[in-house]
Amino acid sequence: MPQSLVIIVSGGSRGLGRSLVERLLGQGHCVATFSRSRTQFIDQLMAGSDLEKRFYYEEVDATDVVSLRSFVQAVHGKFGQLDALINNAAIAHDGLLAMTSETDIQQMLDVNLRATFVLAKESSRLMLVQGAGCIIQISSVVAQVGYRGLSVYGATKAGLEGLTRSLARELGPRGIRVNAVAPGFLETDMSEGLSDSQREQIVRRTPLGRIGDASDIGPCIDFLLSPGADFITGQVITVDGGASV
């Protein structure tokens with residue numbers, strides 16, 4: 001793939017998605033992202049005239065399949081190609097399964113799984129024509145190690161890893177690589193609800209002795225996008241400071 005890539009990052013307005021958008025733009029790539037609502041971060045990017053040719057944003061609800069399809073087509077229309085998809089958008093409702101509402105369950109299934117399927121499907125169609133591409137799924141250590149109160153979230157992320165392995169076999173013969181990155185707990189919006197005791201427990205169980213930061217995930221993404229990873233597909237790379245060991 002060329003040095004400067006056209007990359008979709010789903011859910012890029014905050015948290016890990018924001019960190020990845022900033023990082024990739026800083027490396028000179030063309031980046032497209034969406035979120036359900038704009039944030040100050042997105043406003044700042046859109047106000048920068050220097051990024052007008054390299055950044056694209058739309059307000060898209062990840063549960064709206066038609067809008068997701070239209071977004072991918074709009075990105076291709078603007079940049080003329082699509083080199084990589086980073087499926088990052090996700091939502092987590094913390095709580096015991098017995099007490100979790102059907103609405104919350106359905107929302108996690110729609111955002112964490114169905115939206116991922118749709119984006120991978122639409123993006124891979126374009127990549128198949130190109131004969132090259134890279135898809136990176138953002139999974140979670142929760143898919144590999146059970147956590148109380150995150151059973152539905154963990155199940156959706158485990159599904160994402162299954163999708164990664166199957167897609168790698170489907171798309172590999174056409175030069176498209178599919179991998180996943182499974183972060184541990186990160187200092188993002190999704191971890192703000194952790195109590196002090198929960199944080200202490202996570203740190204105590206982590207060999208490297210801290211909660212991760214979104215910037216810890218960037219180098220792994222860089223590698224998977226690079227020519228150095230051209231013989232890597234169907235893999236799940238865990239970045240959690242050793243917490244899952």
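**Close-up views of a predicted model**

Leaving out neighbours within four places in sequence, Ser 124 makes contact with Ile 135, Leu 171 and Ile 176. The structure shown in these views is a predicted model, and the legends below take its parts in turn.

View 1. Ser 124 belongs to helix H4, and with a relative accessible area of 9% it is buried, because buried means under 20% relative accessible area. One of the residues that Ser 124 touches is Ile 135, which is the subject of the next view.

**View 2. Ile 135 in strand S5.** Ile 135 is found in strand S5, and its relative accessibility of 0% places it among the buried residues. When residues up to four places away in sequence are not counted, Ile 135 touches Leu 85, Ala 120, Ser 124, Met 127, Leu 171, Arg 177, Val 178 and Asn 179. One of these contacts, Ala 120, lies 15 residues apart from Ile 135 along the chain, and the C-alpha atoms of the two are separated by 7.4 Å. Ile 135 also stands opposite Val 178 of strand S6.

**View 3. Strand S5 with strands S4 and S6.** In strand S5 (133-138), 6 of the 6 residues are buried, so the strand is largely enclosed by the rest of the structure. In a regular strand the side chains alternate between the two faces of the sheet. In S5, Gly 133, Ile 135 and Gln 137 point one way, while Cys 134, Ile 136 and Ile 138 point the other way, and all of them are buried. Strands S4 and S5 run parallel and are joined by 4 bridges, with Asn 87 standing opposite Gln 137 of S5. Strands S5 and S6 also run parallel, and here 6 bridges join them.

**View 4. Two β-α-β units that share strand S5.** Strand S4, helix H4 (residues 102-130) and strand S5 make a right-handed β-α-β unit. Strand S5 then takes part in another right-handed β-α-β unit, together with helix H5 (residues 151-171) and strand S6.

View 5. Strand S6 (176-183) has 8 of its 8 residues buried, so it is largely enclosed by the rest of the structure. From S6, Ile 176, Val 178, Ala 180 and Ala 182 point one way and Arg 177, Asn 179, Val 181 and Pro 183 the other way, and all are buried.

View 6. Rolling a probe the size of a water molecule over the atoms shows where empty space is left. The structure holds 1 cavity of 30 Å³ or more, and about 30 Å³ of space lies in the largest cavity. Its lining is made by Ser 10, Phe 34, Ala 62, Asn 87, Ala 89, Val 111, Ala 115, Thr 116 and Leu 119, and helix H4 gives the most to this lining, with 4 residues. Thr 116, one of the lining residues, is found in helix H4 and is buried, with a relative accessible area of 3%. Apart from its neighbours within four places in sequence, Thr 116 is in contact with Asn 87, Val 111, Gln 137, Leu 160 and Leu 163.

**View 7. The buried side of helix H7.** In helix H7 (residues 218-225), the buried residues are Gly 218, Cys 220, Ile 221, Leu 224 and Leu 225. These residues cover an arc of only 160° around the axis, which puts them on the same side of H7. What covers the buried residues of H7 includes strand S1 (6-10), helix H1 (15-26), strand S4 (84-87), strand S5 (133-138), strand S6 (176-183) and strand S7 (236-239).

Key
Residues numbered from 1 in each chain as written. Predicted model: local features only at pLDDT ≥ 70, side-chain atom pairs only at ≥ 80, totals over all residues. Heavy atoms only, no water. Buried < 20%, exposed > 50% of the residue type's maximum accessible area, 1.4 Å probe, protein only. Arc of directions from axis to C-beta. Contact = heavy atoms within 4.5 Å. Pairing = 2+ DSSP bridges. Right-handed = clockwise from strand over helix to strand, strands pointing away. 1 Å grid on protein atoms, 1.4 Å probe; cavity = no way out; pocket = protein on both sides within 12 Å on 5 of 7 lines; lining within 4 Å. Points joined across faces, edges and corners; volume = space filled by probe spheres on them.
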